[in-house]
Amino acid sequence: MDLAVGRDGVAAVLDGEAVVVVGGRVSFEAVQSRAASSPARARLLAAEHPALLIVWDVLAMSTGDVRARPYEERRAMMLDVLAGLPAPSPIQAMSATDDVAVARVWHDMLVASGVEGVVAKLGSAPYRAGRSSS
């Protein structure tokens, strides 16, 4: 999911995924149910279980496309944009680490809570669209 956000004349297109937590677990069924609901029903579902947008990258800024820049630069831009949003915000940054042991612990904890997997990016890499199994 791509989302355009802006503040103080700075705009950004973020890459992330909408999630709904039900009973302590991420529920993709709740997201799909809300998407397929009438506007009135969707508002009721949103009041019961608010959605979050978890973002992990930025694709463009008001200055233009940033996908060719290294991930470390893009992440810093993304965090700057999110820091400017009013708190509490339903838009949150995905946690990041360069420690493989920490990433494995996070993966195991997240899978147990209903998350399908993790996002892995080289700090020096440009943006690559799509999913990869490697």
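Me: Where does glutamate 116 lie?
Reply: In this predicted model, glutamate 116 lies in the segment that follows helix H4 (100-112).

Me: Why is glutamate 116 called exposed?
Reply: The term exposed requires a relative accessible area over 50%. Glutamate 116 has 56%, and is therefore exposed.

Me: How far apart are glutamate 116 and phenylalanine 28 in sequence and in space?
Reply: They are 88 residues apart in sequence, while their C-alpha atoms are 9.8 Å apart in space.

Me: Where is arginine 75, and with which residues is it in contact beyond its neighbours within four places in sequence?
Reply: Arginine 75 belongs to helix H3 (residues 71-83). Apart from those neighbours, its contacts are Ala93, Met94, Ser95 and Ala96.

Me: What makes one say that arginine 75 has no salt bridge?
Reply: A salt bridge requires a side-chain nitrogen of Lys or Arg within 4 Å of a carboxyl oxygen of Asp or Glu. For the buried arginine 75, the nearest side chain of opposite charge is aspartate 57, at 8.2 Å, so there is no salt bridge.

Me: Which residues of H3 are buried, and why are they said to line one face?
Reply: Tyr71, Arg74, Arg75, Met77, Met78, Val81 and Leu82 are buried. Seen down the axis of H3, the buried residues fall within an arc of 160 degrees, and therefore they line one face of the helix. On the other side of H3, Glu72 and Ala83 are exposed.

How values were computed. Residues are numbered from 1 along each chain as its sequence is written. This is a predicted model: local features need pLDDT of at least 70, side-chain atom pairs count only at pLDDT 80 or more; totals for chains, interfaces and linings use all residues. Side-chain values use heavy atoms; hydrogens and water are left out. Helices (H or I, at least four residues) and strands (E, at least two) are DSSP runs, numbered from the N terminus. Buried means under 20% relative accessible area, exposed over 50%, partly exposed in between (1.4 Å probe, protein chains only). Lys and Arg count as positive and Asp and Glu as negative; His and the chain ends are not counted. Contact means heavy atoms within 4.5 Å. The arc is that of the directions from the helix axis to the C-beta atoms.
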